[in-house]
Amino acid sequence: MAREEMTPLERMTAFRQGQPIDRLPIILDMGTSLAPVAGVSLPDYYGSVKGMVEAELWLFKRFRQDSVSISNGLRGMAEAMGSHIAYPTKGISYVVQPALSCADDLQQLEEIDPWRSGKLPLCLEALQILREKIGDQVEVSGHLAGPFSVALALVGSQRFLSWMHDQPEVAHQVLQIITQDNENYIKALGQLGFRAGLCDPAASLSFISYPQFQEFVYPYLQANIASCQKYLGCQPSLHVCGESRLLWKDLADAGCGILHIGNREDLAEAKALVGDRCGLMGNVAPVDILLKGTPAEVTRAVKTCIQKAYDNPQGYILSAGCEIPLGTPLANIEAFFQAGRVFGAFPIKPESWS
């Protein structure tokens with residue numbers, strides 16, 4: 001690996017301040033996917049401080065990505081609120097039994113304590129240990145799922161969609177409770193001095209309609225973004241999967257600092273529509289390219305993303321369109337970082353690429 005002019009921490013600090021940087025930042029969400037390669041089982045990564053820390057340290061040493069994070073996952077908050085979550089050794093976590101099966105169950109929900117509920121305390125402890133070990137080299141941040149995605153794990157996808165249609169007042173009560181619990185976790189991150197990112201993949205228009213987004217997603221997501229601004233002093237990054245183009249202006253209005261776009265959308269369009277209001281992140285295809293492609297295909301995809309978004313007014317971070325899938329070849333991850341370092345080095349001149 002060629003010697004770089006800036007450390008990841010210096011690079012991201014300058015990036016956020018709009019100052020000159022040596023190359024585009026490169027960040028991949030790969031902890032849960034590559035933990036086994038790092039010698040950490042998936043149950044240990046999900047459920048132990050030691051596992052989280054060991055996997056993230058291995059990944060940073062191997063790839064030196066520009067940000068390291070610990071997420072409570074798409075189901076972590078739901079688990080803290082009472083859902084039963086399974087953690088298989090060869091697959092991602094999944095909901096075994098939602099906490100809520102009927103509207104009356106709402107009475108049993110108690111406000112979570114991020115220092116005591118579910119695996120949230122493990123995430124907070126792992127973040128602190130990571131910062132002690134590598135915080136002088138790279139920023140360490142906490143991530144959490146948005147209210148709508150948490151609701152699906154708390155209630156069950158089909159049941160919650162039914163409530164949205166047949167009992168909207170109940171659906172709103174659920175979202176209000178989740179939004180408050182998310183705020184409690186964001187406040188804890190702020191007390192420890194961490195930044196945060198939000199991920200609400202189910203808010204995609206591939207899954208719900210735009211009117212449903214406006215009613216059941218936007219106000220609660222906006223509230224959590226406001227909590228980040230209040231307790232963390234920053235605008236969070238935000239990821240929405242699938243079709244999201246019609247949401248971009250709303251998400252910028254909500255106050256997201258960096259819009260992480262899935263691979264089904266176009267970075268050039270995002271740059272034209274909201275690039276003057278928020279940074280962009282994405283969007284190499286995680287399955288078709290990183291999982292199933294060759295290193296050469298990865299390199300071409302990276303070049304395409306950089307060419308489209310390197311000059312975004314509010315900045316661009318090279319990333320995949322979503323979390324890296326289990327089984328992604330290390331050779332493809334290495335090609336991703338290598339291509340990002342080569343073609344993302346300033347001054348960037350796509351016209352000279354052959």
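## Exercises on a predicted model

**Exercise 1. Which residues does Ser48 contact, leaving aside its neighbours within four places in sequence?**

Solution. Leaving those neighbours aside, Ser48 is in contact with Pro43 and Leu122. Keep in mind throughout that you're looking at a predicted model. Finally, check what its side chain does: the side chain of Ser48 reaches the backbone nitrogen of Gly51 at 2.9 Å.

**Exercise 2. Work out the strand order of the open sheet of seven strands, then say why one side of β1 and of β9 has no neighbour.**

Solution. Start with the order, which reads β1-β4-β5-β6-β7-β8-β9, and the pairing is parallel. Now look at the ends: β1 (67–71) and β9 (316–320) stand at the edges with a single partner strand each, so one side of each has no neighbour in the sheet.

As a reminder, strands of a sheet pair through backbone hydrogen bonds, either parallel or antiparallel. Zoom in on one pair to see this sheet's version: strand β5 (residues 195–199) and strand β6 (residues 237–240) run parallel and are joined by three bridges. Pick Leu198 and look across to β6, and you'll find Leu238 as its bridge partner.

**Exercise 3. Find the strands that helix α6 lies across, and give its angle to β1.**

Solution. Trace α6 through residues 120–134 and you'll see that this helix lies across β1 and β4 (139–145). Its angle to β1 is about 160°.

**Exercise 4. Describe how helix α9 packs against helix α10.**

Solution. Two packed helices are described by the angle between their axes and the distance between the axes. Helix α9 (residues 168–192) and helix α10 (residues 210–231) pack at an angle of about 15°, and their axes are 9 Å apart. Angles under 35 degrees count as roughly parallel, so α9 is roughly parallel to α10. The crossing is right-handed.

Who makes the contact? On the α9 side the residues include Pro168, Leu175, Ile186 and Gly190, and on the α10 side they include Phe216, Tyr220, Ala223 and Tyr231. Sort the contact by class and you get nine nonpolar, seven polar and three charged residues.

**Exercise 5. Do likewise for helix α12 and helix α14.**

Solution. The axes of α12 (residues 267–274) and α14 (residues 295–309) come within 8 Å and cross at roughly 20°. That makes α12 roughly parallel to α14. Their crossing is right-handed. From α12 the contact takes Leu267, Ala268 and Lys271, and from α14 it takes Cys305, Lys308 and Ala309. By class, the residues are four nonpolar, no polar and two charged.

Methods:
Residues numbered from 1 in each chain as written. Predicted model: local features only at pLDDT ≥ 70, side-chain atom pairs only at ≥ 80, totals over all residues. Heavy atoms only, no water. Pairing = 2+ DSSP bridges. Helix = DSSP H or I, 4+ residues; strand = E, 2+ residues; numbered from the N terminus. Contact = heavy atoms within 4.5 Å. Axes fitted to C-alpha atoms, helices over the stretch in contact; angles between N-to-C directions. Polar contact = N/O pair within 3.5 Å; in protein donor to acceptor, adjacent residues only side chain to side chain. Parallel < 35°, antiparallel > 145°, perpendicular 65-115°, else oblique. Left-handed = near helix turned anticlockwise from the far one by under 90°. Nonpolar A, V, L, I, M, F, W, Y, C, P; charged D, E, K, R; others polar.
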